[in-house]
Amino acid sequence: MLVETAQIMPITQLQKTLTQTVRKISEDHKPVFIMKNNIMEAVMIPFERYEKLSKLEEFEEHKEIFSMVQERMSHYDASKSVGWSSLRDE
């Protein structure tokens, strides 16, 4: 992943300019990459982008669940099913 150096900010600078940085992120819709001890530690992104990423993550989870259901259904044999009434009577 290529990151523009203008989007990289040391955490000490972020502490001094937090309000301005948040305002800039919401205006230009570009993330800010936060460094601590010369290591990338976090990313601040616009809220709309966060929402999209959250929806994508949820969608991916649904795909995984669907795949598991499909796999389990491929081994399903209806003739081996036990009815609820027979379980209840035991």
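H29 is placed in the loop between α2 and β2, where helices (H or I, at least four residues) and strands (E, at least two) are DSSP runs, numbered from the N terminus. The model is a predicted one, in which local features need pLDDT of at least 70 and side-chain atom pairs count only at pLDDT 80 or more, whereas totals for chains, interfaces and linings use all residues. Residues are numbered from 1 along each chain as its sequence is written, and side-chain values use heavy atoms, with hydrogens and water left out.

Although H29 is not a glycine, its phi is positive, at about 60°. Most residues other than glycine have a negative phi. With a relative accessible area of 46%, H29 is partly exposed; buried means under 20% relative accessible area, exposed over 50%, and partly exposed in between (1.4 Å probe, protein chains only). A positive phi is also found at N37, with a value of about 55°, and this residue is likewise not a glycine. N37 lies in the loop between β2 and β3, and the hairpin of these two strands has two residues between them. N37 counts as exposed, because its relative accessibility is 67%.

The sheet is considered next. Three strands form an open sheet in the order β1-β2-β3, with mixed pairing. β1 (8-10) and β3 (39-44) stand at the edges with a single partner strand each, so one side of each is left without a neighbour in the sheet. On average, neighbouring strands of this sheet are turned by 35° against each other, direction ignored. Axes are lines fitted to C-alpha atoms, for helices over the stretch in contact, and angles run from 0 to 180 degrees between N-to-C directions. Strands of a sheet pair through backbone hydrogen bonds, either parallel or antiparallel. Two strands are taken to pair if DSSP finds at least two bridges between them.

β1 and β2 pair in the parallel sense over three bridges. Within this pairing, M9 has I34 in β2 as its bridge partner. Strand β2 (residues 32-36) runs antiparallel to β3, and five bridges join the two. I34 has A42 as its bridge partner in β3. F33 stands opposite V43 in β3, while the bridge partner of K36 in that strand is I39.

Helix α2 (residues 18-28) lies across β1, β2 and β3 and runs at about 60° to β3. T21 is found in this helix and counts as buried, its relative accessibility being 6%. When neighbours within four places in sequence are left aside, T21 is in contact with M9, L14 and V32, contact meaning heavy atoms within 4.5 Å.

A search of the whole structure finds two salt bridges, a salt bridge being a side-chain nitrogen of Lys or Arg within 4 Å of a carboxyl oxygen of Asp or Glu. D28 counts as partly exposed, at 31% relative accessibility. In the other, E60 is joined to K63, with the closest N and O atoms 3.8 Å apart. E60 and K63 are both in helix α3, three residues apart, which is about one turn of the helix. E60 is partly exposed, with a relative accessible area of 37%, and K63 counts as partly exposed at 40% relative accessibility.

Helix α3 (residues 47-74) also holds V69, which is partly exposed with a relative accessible area of 41%. V69 belongs to a nonpolar surface patch formed with I65, M68, M73 and Y76, together having about 480 Å² of accessible area. Patches are made of residues with over 30% relative accessible area and no salt bridge; like charges are joined within 9 Å and nonpolar side chains (Val, Leu, Ile, Met, Phe, Trp, Tyr) within 5 Å. Accessible areas come from the Shrake-Rupley method with a 1.4 Å probe, and for residues only the protein chains shown count as cover.

E61 lies in helix α3 and is partly exposed, with a relative accessible area of 49%. E61 and E27 are separated by 34 residues in sequence and by 31 Å in space, C-alpha to C-alpha.
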